[in-house]
Amino acid sequence: MVSILSSFESRLMKLENSIIPVHKQTENLQRLQENVEKTLSCLDHVISYYHVAKDTEKIIKEGPTGRLEEYLNCMDKIQKAVEYFQDNNPDSPELNRVKSLFERGKESLESEFRSLMTRHTKPVPPILILDLISGDDEMETQEEMSLEHLPESVLHDIIRISGWLVENGRNQDFMTVYFQIRSVQLDRSIKGLKDHFRKNSSSTGVPYSPAIQNKRKDTPTKKPIKRPVLIPGHEHDLRVKHLSDTLSDKHGPAAGRDDVFDIEIDAYIHCVSAFVKLAQSEYQLLTEIVPEHHQKKTFDSLIQESLDNLIMEGDNIVSAARKAIIRHDYSAVLTIFPILKHLKQMKPEFDQVLQGTAAGTKNKLPGLITSMETTGAKALEEFADNIKNDPDKEYNMPKDGTVHELTSNAILFLQQLLDFQETAGAMLASQETSSSASSYSSEFSRRLLSTYICKVLGNLQLNLLSKSKVYEDPALSAIFLHNNYNYILKSLEKSELIQLVAVTQKTAERSYRELIEQQIQTYQRSWLKVTEYILEKNLPVFQPGVKLKDKERQMIKERFKGFNDGLEELCKIQKAWAIPDMEQRDKIRRAQKTIVKETYGAFLNRYGNVPFTKNPEKYIKYQVDQVGEMIEKLFDTSA
């Protein structure tokens with residue numbers, strides 16, 4: 001067995017010695033084969049770079065339109081070829097060829113970017129902008145409205161191209177192209193909204209087209225900003241007709257111009273809101289296309305033109321207001337009030353939109369607000385001075401003693417301030433330097449506005465007193481003051497002005513009532529020259545049954561004649577005077593009728609049956625009721 005095993009072991013060793021060399025040789029052959037395959041693969045890879053230009057040239061020349069992904073794949077191949085030749089064979093003519101092709105492809109991508117942006121960038125229709133603005137006040141449950149500036153497929157291509165240009169092209173020129181195209185679109189959208197206002201306002205008198213009205217039928221919309229009436233020509237219960245006619249005649253032609261200016265103001269206010277909404281939307285679009293570290297700068301450039309146009313238009317409005325102040329046309333200055341109010345309301349949104357932009361961009365709106373506040377405050381102060389210094393011209397005084405145009409204009413101006421109390425108060429506060437101006441802004445500005453209104457009313461009262469002296473007849477002067485004081489009081493009571501006045505002058509209402517009563521009493525004194533003829537204290541005592549002497553008969557005749565002539569003269573003169581307030585007119589007539597009828601009745605009872613003349617009808621021309629009827633026709637030209 002040992003012999004067998006030894007023999008078996010010997011054979012195994014021989015077998016092993018013969019197989020191992022074969023195995024090693026096989027291993028070497030396999031390694032050689034792998035090396036050959038790797039070498040061939042590397043050769044194929046290298047050779048492929050030499051074929052890149054030929055394989056991709058046709059696609060690059062034709063451009064990326066309609067096959068962007070395929071085009072970008074080709075560009076990736078070309079870029080890899082450029083990198084290979086630069087690293088391994090910088091002297092190869094192929095390097096110049098692929099580099100040239102790469103640059104050409106890059107230019108085609110930039111051109112495609114510009115082409116897509118230009119073709120698909122369109123101004124936002126005015127209807128959409130108005131809906132976007134009105135969306136502010138819609139219910140919170142409704143989704144926030146957004147604009148689709150570019151079709152989804154186009155936006156996808158633009159994002160892919162911009163991403164490739166940033167990552168591989170090391171090119172930022174496309175950002176300039178982007179903001180230039182979008183900037184023009186933004187400006188055209190805002191101008192389109194303005195043109196829409198002008199067109200629809202001129203044709204229909206309303207700033208919205210029928211299409212918008214139908215579209216918004218069931219949609220809550222933004223409450224329109226109250227516009228101030230620019231011309232003092234509207235009817236007022238307390239004003240006589242001829243005053244309204246006079247004002248209408250005087251301001252009629254200007255009304256059309258003012259209406260046009262009103263449309264411009266409304267359009268500007270909406271353009272401010274549109275700018276904020278469209279700028280917000282532009283920024284959202286920009287963040288998808290422009291790299292993050294370039295977004296703020298690109299956005300700053302994009303909005304510059306539209307923002308500059310908006311600020312320039314605001315400056316033009318301020319300039320027009322300053323010219324109006326020079327012309328003493330203070331009602332025109334009121335147009336900046338709704339704009340300033342709106343700008344202040346929009347400022348937080350403005351600041352949010354412009355966050356991250358250059359300081360010069362951020363400061364444009366605050367600069368315009370300051371300019372408007374200064375101009376408005378100047379207008380308010382000059383208006384108050386103008387009321388005080390309005391000249392006393394006889395030709396400018398109402399012949400019938402009715403409400404003076406200065407009074408109606410002053411009250412109208414103050415009433416229009418009511419819609420912009422906070423704005424007007426802030427204007428006045430902006431000119432204050434005291435610490436309280438900043439400490440208690442809201443209450444402080446309200447007190448300032450109250451003080452200002454009281455100042456205007458005080459100036460108006462002084463001027464009216466001065467104007468009343470133009471009248472030669474003290475009674476007409478009293479009627480003039482009465483009408484103006486009454487008009488002021490009623491106007492204060494009908495509006496919130498009385499509450500505003502009461503902030504600093506609690507007794508203003510009572511003071512005006514006392515002034516009105518004083519003028520009534522002054523007017524009533526004009527009748528004393530009539531009634532003094534028939535007052536009992538001025539007559540001698542006659543004994544009944546005793547024959548009158550000639551002197552006594554003559555005295556009675558003179559008394560009757562004096563009363564008759566005085567009554568006729570006063571009624572003729574005062575019939576042409578005016579008291580527009582029916583309540584006051586009836587009150588004054590009633591009081592005068594009572595005094596005269598009682599005095600004349602007593603006189604008539606006493607001397608009506610005394611034989612002082614052979615022609616009693618010559619002297620006893622009127623019965624008591626007839627006298628009352630004559631007084632009833634005072635202040636009424638139609639009677």
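Because the model is predicted, local features are limited to pLDDT of at least 70 and side-chain atom pairs to pLDDT 80 or more, whereas totals for chains, interfaces and linings use all residues. Residues are numbered from 1 along each chain as its sequence is written, and side-chain values use heavy atoms, with hydrogens and water left out.

Side chains of opposite charge can pair when their charged atoms come close. Here a salt bridge is a side-chain nitrogen of Lys or Arg within 4 Å of a carboxyl oxygen of Asp or Glu, and a search of the whole structure finds 31 salt bridges. One of them joins the side chains of R67 and E62, with an N to O distance of 2.0 Å. R67 is partly exposed at 23% relative accessibility, and E62 is likewise partly exposed, with a relative accessible area of 46%; in these terms buried means under 20% relative accessible area, exposed means over 50%, and partly exposed lies in between, with a 1.4 Å probe and protein chains only.

A second salt bridge links E94 with R97, whose closest N and O atoms are 3.8 Å apart. Both residues lie in helix 3 (residues 93–120), three residues apart, which is about one turn of the helix; helices are DSSP runs of H or I with at least four residues, numbered from the N terminus. E94 counts as buried at 14% relative accessibility, while R97 is partly exposed at 37%. The pair also belongs to a network of salt bridges that links E57, K61, E94 and R97.

Elsewhere in the chain, K277 forms a salt bridge with E349, the closest N and O atoms being 3.9 Å apart. K277 lies in helix 8 (residues 241–289) and E349 in helix 11 (residues 336–353), so this pair ties together parts that are 72 residues apart in sequence. Of the two partners, K277 is buried at 13% relative accessibility, and E349 is partly exposed, with a relative accessible area of 22%.

The surface also carries a nonpolar patch of about 400 Å², made by F8, L12, L15 and I19. Residues in such a patch have over 30% relative accessible area and no salt bridge, nonpolar side chains (Val, Leu, Ile, Met, Phe, Trp, Tyr) being joined within 5 Å and like charges within 9 Å; the areas come from the Shrake-Rupley method with a 1.4 Å probe. F8 is found in helix 1 (residues 2–62) and is exposed, with a relative accessible area of 52%.

Two polar residues complete the picture. T65 sits in the loop between helix 1 and helix 2 (68–88) and is exposed at 54% relative accessible area. Its side chain makes a polar contact of 2.9 Å with that of E112, a polar contact being a pair of N or O atoms within 3.5 Å in which, within protein, one must be able to donate a hydrogen and the other to accept it, and residues adjacent in sequence count only if both atoms are side-chain atoms. The C-alpha atoms of T65 and E112 are separated by 7.0 Å, although the residues are 47 residues apart along the chain.

Q574, by contrast, is buried, with a relative accessible area of 0%, and is placed in helix 22 (residues 550–575). A polar contact of 3.4 Å joins the side chains of Q574 and W527. Leaving aside residues up to four places away in sequence, Q574 touches Y523, S526, W527, L634 and F635, where contact means heavy atoms within 4.5 Å.
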